[in-house]
Every structure is written in structure tokens, then in C-alpha cells.
Amino acid sequence: RNGISRPKGYTVSWHANPEVEKHHFGMAHPMKPWRLTLTKEIVMAYGMHTAMDTHLSRAATVEELVEFHKEDYIDFLSSVTPQNLGTNYPWLKPGAVGYSGPFFGVGEDCPIFDGLFEYCSLYAGASIDAARKLTSHQSDIAINWSGGLHHAKKAEASGFCYINDIVLAILQLLRHHPRVLYIDIDVHHGDGVEQAFWSTDRVLTLSFHKYDKETFFPGTGPLDDTGPTHPDNPGAHHSLNVPLNDGIDDVSYQWLFESVVGPCIDTYRPTAIVLQCGADSLGHDRLGCFNLNIQGHGSCVSYVKSFKIPLLVVGGGGYTPRNVARAWAHETSICIGADKGLDPTLPLHTPFRHHFAEEGPTLFPPLHATRFENKNPRAYLESVVTAIREQLRYMHG
Ligand code: V1P
Ligand code: CA
Ligand code: ZN
């Protein structure tokens, strides 16, 4: 169907567990795990699952989670429920006073919902499995759209992220790979991953994001934050940040991405790459402020894939579910090399077709007039590229 067949000469694996999709952060919360159901429906409607090794992922074990996270934080995540929250953790009760116990980042952004630990351990297990498929040479590209939760810290949930599956996956890759490049195209700064590998030269982190210290979450990731610069720190110069303003479009973003990522790969020579594909950098995202189309976002995946380096692809943000599903389905097609042959009319039927009614059943809806004005002049983008190339010169001391 649709001319979909297994890619010749390489293997793509898909890691997912439908249990993840059933969890709810709460009605008003922008993170909707069911966007993964929508993604899978498009992928299957095109027949793309027949071109990949599909794996039902399992929950990460506590032993695996504590490779990065603090044990008391994992104890907390695995035992807290909406019902016992107020009783067992009185300091987390709204309005609690006079207690300075651990906070673990719980709150409006990171609520305690039913099945929280199952949700976390399943998306983390999928990223760990995906990384192991790469290290065992059973896959060339491994995909986990439920992962990419880049803000989680050692002992703190942050920005809708509880477990940092990316850090756990990179730790797996580092068992076999001398150098891992992490690239993050989510509209937010990949602060948790950057911080985790702040002190090593075996991971180069590179995040593209909207940056405004005062008004845009998480407020970190200016151009000159390249890692602790004291001379005996091997991690110095191994964090790269590309801060952007509102409204960047496909043409600018693609030029910028290739002008930055190309030299990073040439200089650092990674033996594995992790690409976080947060879809909140698309136009019309509920939280984002960029103007990328599905094609522009996907061109980042095509470019990274073209280097033929073992690749782990993960999801991340993305708050307009129908567009998240379009983007990640399109990017799945790029991974299996089917993007050129894909019919742009979504082959969807009820009950899923109605989710795409707003723009019609197309994979590539054009942006409409309500988009953000592009506040990234060419001269600004050129200055960023120059600065990054300058920073890369420090990398080998
Ligand atoms: O802006 C904030 C915090 C809460 N304020 C006190 C400052 N939080 C953001 C978090 C965005 C997280 C993005 C995660 C990712 O990078 C990876 C999965 O995409 C936030 C926003 C916002 N507009 O930035 N939280 C919420 N909106 C929110 C809205 C409704 C209900 C709960 C949270
Ligand atoms: Ca980013
Ligand atoms: Zn985001």
C-alpha cells in the first residue's frame, strides 16, 4: 500500500507501548499523551509499520532509572498517587506551610496523576530499548515518539517531564559509543540533557529554541552558555545553544540547522546521534511561537539521517495534537525512506478522520495568517552561525 516497503540496506525500529497513550495529565494541561495514538493511526494507515521492526516496549526497571535519577526521587514517583499525596507528602499539599521537605518539582506543570509511574517507566523503557537496538547493531534508526522528555533533572520533575529518558538512552549509548551528539529541535531549551552531560566531552549537546530569559520556559540556553569553562573540565565547550526569537520559518530554520549541525558533525565526529523532535516548534502550536511547517520540521530529520550515523529519534513537546501526529508520521516516513512516495492526502477513516477536519485530511496543511511575525533577521542568524563555528574551534583544545 502506498508503495511502502522495508528500506534497503538498513533497519528502522519502532518502540512504543499503547498503555502510555491512555494517561491523562488533567483536562486543562497541554500535554496530551493521546497525540501518540493519533500518530500511530496515521503511520498504520499508510502501512508504514510494515517497513519497520515494531517492538512493544516494557517498563524501565528501578535499577535502570537510578542510573541517572536519585533513589529517593524514584521512590517518590513510584509510590505517590493523587489519593495519598496529601497524606503521605503533606508538604506538597496546596498551601502547606512550615515544612521544607523535598519538593521534586511537583505542581501545575508536573501534576501527580493516576498511573504516573507506569507512564514514566514505559516511555523511559522504550528509549532504553531503542538505544540498545542501536548498540547491538540490530537497528540503524530507532524511534520512540513517547520519549524526548528533556527537562527532567536528577531529582526533580520539570516542564511536563518526570524521567529523563534521553539521558538514560545516552548512558546506554555511551557503553559502546565514544561520542554521542544530542540535537534538540523542540521549541524549548533541552536543559535537563545539557545539565546531565555538562561535565563530559563524550556528549555534545545542541539545542535550538526560543530564548527569552524572563518570559519563555525554562529561561536558559543563551548563545554563550557552552559548558563550565574552567580549564580542567573536559565538558567545557560541549554544550551548544542556538537561541531564537518568535516566528522563524522553514527557509531560515533549514539554512540555520544545516549550517550548524553540519560543522558539529564534521568537527565532533559522533558515533551515534540522538535527535529530539519536539513538535512544538511547528506553526500554530498551543505553546510554541515558531512558524515551521511539517516539511521544514521534517527536513531536520532528513538532514541528520543523511550522515548515516546510528540514530535514535525521540519525540518531546507538541501541543496541537493533530499537527504533532502529522509531523511525527511524516518523520517516520523519512526514517524509512518513504517520504517521496507518500500520498499527501491522509488515508484516514472514522473515528480518526474528524481530528483533522480543521485543515482537511492533508499531511501538509499550509500555515494561515494568524502566525507569528518572523523576528529572526538574516543578519542575526548569520551571527549565530559564526558564533557556533567559533565555539567549535575550542572543542579540541
Ligand atoms: O511557564 C511555565 C512555568 C509555570 N510558571 C510558573 C512558569 N511552564 C510552562 C512549561 C512548558 C513545558 C514545555 C515542555 C517541553 O519542552 C517538553 C515536553 O515541550 C508551561 C506553559 C507555557 N505556556 O509555557 N506550563 C503551562 N503552559 C501549563 C498550562 C496549563 C496547565 C499546566 C501547565
Ligand atoms: Ca530545543
Ligand atoms: Zn517543548
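Modeller: Helices (H or I, at least four residues) and strands (E, at least two) are DSSP runs, numbered from the N terminus. This is a predicted model, in which local features need pLDDT of at least 70, side-chain atom pairs count only at pLDDT 80 or more, and totals for chains, interfaces and linings use all residues. Residues are numbered from 1 along each chain as its sequence is written, while chains are lettered from A and ligands numbered from 1 in the order in which they are written.

The protein chain has a mean pLDDT (the predictor's confidence in each residue, from 0 to 100) of 95, and 98% of its residues reach 70 or more. For the complex, the predictor gives an ipTM of 0.99 and a pTM of 0.98.

Helix 11 (residues 321–335) packs with helix 2 (residues 35–45) at an angle of about 45°, their axes 8 Å apart. Axes are lines fitted to C-alpha atoms, for helices over the stretch in contact, and angles run from 0 to 180 degrees between N-to-C directions. Helix 2 is therefore oblique to helix 11; angles under 35 degrees count as roughly parallel, over 145 as roughly antiparallel, 65 to 115 as roughly perpendicular and the rest as oblique. Their crossing is right-handed, that is, the near helix is turned clockwise from the far one by less than a right angle. Helix 2 brings Arg35, Leu38, Thr39, Ile42 and Val43 to the contact, and helix 11 brings Pro321, Arg322, Val324, Ala325, Trp328, Ala329 and Thr332; residues are in contact if their C-beta atoms, placed from the backbone, lie within 7 Å. By class this contact has 8 nonpolar, 2 polar and 2 charged residues (Ala, Val, Leu, Ile, Met, Phe, Trp, Tyr, Cys and Pro count as nonpolar, Asp, Glu, Lys and Arg as charged, and the others, Gly among them, as polar).

Helix 11 also packs with helix 10 (residues 294–305), where the axes come within 9 Å and cross at roughly 30°. These two helices are therefore roughly parallel to each other, and helix 10 passes helix 11 in a right-handed crossing. Ile294, His297, Gly298, Val301, Ser302 and Lys305 of helix 10 meet Arg326, Ala327, His330, Glu331, Ile334 and Cys335 of helix 11. The classes here are 5 nonpolar, 4 polar and 3 charged.

Another pair is helix 9 (residues 250–268) and helix 12 (residues 378–393), at about 5° with axes 10 Å apart. They are therefore roughly parallel to each other. Ser252, Leu256, Ser259, Val260, Pro263, Cys264 and Thr267 in helix 9 meet Leu381, Val384, Val385, Ile388, Arg389 and Leu392 in helix 12. That contact divides into 9 nonpolar, 3 polar and 1 charged.

As for the backbone, most residues other than glycine have a negative phi, and most peptide bonds are trans. Phenylalanine 104 has a positive phi of about 55° although it is not a glycine, and lies in the loop between helix 5 (85–88) and helix 6 (116–135). The peptide bond from phenylalanine 217 to proline 218 is cis, with omega near -10°. Proline 218 sits in the loop between strand 5 (203–210) and strand 6 (239–244).

Definitions and conventions:
Contact = placed C-beta atoms within 7 Å.
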